[in-house]
Amino acid sequence: METEDKSLEQKTTSKRRLLPVLLWGVLVFVIAAIVAANIKSFMHRPSEKSVSESPLSRLSENHQLPDFSLTDQNGGALSLADLEGKVWVADFIFTSCPTICPPMTDELRRLQDEFAAESELRFVSFSVDPERDTPAVLSRYAQSFGADHRRWSFLTGEKSSIYQLAHDGFNLAVGHQGSEILHSTRFVLVDRQGTVRGYYDSRIKANLRHLRRDIKTLLG
């Protein structure tokens, strides 16, 4: 009987010793599976280039902009005809915007500085809150970002005209949701004839690289 008890005790002890080993084995297997899944996910994750590649930056001819005449930050008039012969980048912002507008404007400032030697390149920012964005307000905003008024125009005017230009001319979204002003985060590249040649999401670095490349292409 004593021998049987010892044998039973040995078996129980052996099982107790085996249980942690099995648990550790299962844990190691789970960890290995998680690591393998993460590696696979990383290896198959779309690269920034593949995510941002789109026909929007291939410089295919898009559409001709309609004429417009608005007021810049210096109180002068600016029309599409004034930009004829120039390559230009446009966006739609408003000065009291606390979210996407400051980084958009800062990105255009970097482009302005990067292409400082290119006299044929212009930048045009249209206010989607023209009732509050007077020339004086736009002038202060432009100065705060280091905008060169000779190459970068901040435009205001009749709200209906600007919204129609955004919708029908640039094919960009703009509107209101309650008191909130909604507008596109895209930059628009326009050629010397006033034809839209590309759209670039200002939040995606690869798209901004494409914009720089396409600006150089149009400047020739």
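Visitor: Which residue of β10 does Gln64 stand opposite?

Guide: Thr195 is the one in β10 that stands opposite Gln64. Before we go on, this is a predicted model, in which local features need pLDDT of at least 70 and side-chain atom pairs count only at pLDDT 80 or more, while totals for chains, interfaces and linings use all residues. Residues are numbered from 1 along each chain as its sequence is written, and side-chain values use heavy atoms, with hydrogens and water left out.

Visitor: Why do we say that β1 and β10 pair?

Guide: Strands pair if DSSP finds at least two bridges between them. Strand β1 (residues 63-64) and β10 have two bridges, in the antiparallel sense, so they meet that rule. The names come from DSSP runs numbered from the N terminus: a strand is a run of E with at least two residues, a helix a run of H or I with at least four.

Visitor: How do we know that β9 and β10 pair as well?

Guide: Five bridges join strand β9 (residues 186-190) to β10, and the two run antiparallel. Arg186 stands opposite Asp201, and Leu189 opposite Gly198. The two strands form a hairpin with four residues between them, and Gly194 in the turn has a positive phi of about 80 degrees.

Visitor: Which strands are the edges of the sheet?

Guide: Six strands make an open sheet with mixed pairing, in the order β1-β10-β9-β4-β5-β6. β1 and β6 (152-155) are the edge strands, as each pairs on one side only.

Visitor: Why do we speak of a salt bridge between Arg203 and Asp201?

Guide: The term needs a side-chain nitrogen of Lys or Arg within 4 Å of a carboxyl oxygen of Asp or Glu. Here the N to O distance is 2.8 Å, so the pair qualifies. Arg203, at 59% relative accessibility, is exposed. A search of the whole structure turns up 13 salt bridges.

Visitor: How do we know Glu107 and Arg110 form a salt bridge?

Guide: The closest N and O atoms of Glu107 and Arg110 are 2.8 Å apart. They are three residues apart in helix α3, which means about one helical turn separates them. Glu107 is buried at 8%, whereas Arg110 is partly exposed at 35%. Through shared partners, salt bridges join Asp106, Glu107, Arg109, Arg110, Asp113, Glu114 and Arg212 into one network.

Visitor: What makes Arg212 count as buried?

Guide: Its relative accessible area is 17%, so Arg212 is buried. Arg212 belongs to helix α6. Leaving aside neighbours within four places in sequence, Arg212 is in contact (heavy atoms within 4.5 Å) with Glu107, Arg110, Leu111, Glu114 and Phe115.

Visitor: How do the axes of α3 and α6 cross, and at what angle?

Guide: Axes are lines fitted to C-alpha atoms, for helices over the stretch in contact, and angles run from 0 to 180 degrees between N-to-C directions. The axes of helix α3 (residues 101-114) and helix α6 (residues 205-219) come within 12 Å and cross at roughly 35 degrees. Glu107, Arg110, Leu111 and Glu114 of α3 make the contact with Leu208, Leu211, Arg212 and Ile215 of α6.

Visitor: Where does α3 lie relative to the strands?

Guide: α3 lies across β4 (87-93), β5 (121-127), β6 and β9, running at about 165 degrees to β4.

How values were computed. Buried means under 20% relative accessible area, exposed over 50%, partly exposed in between (1.4 Å probe, protein chains only).
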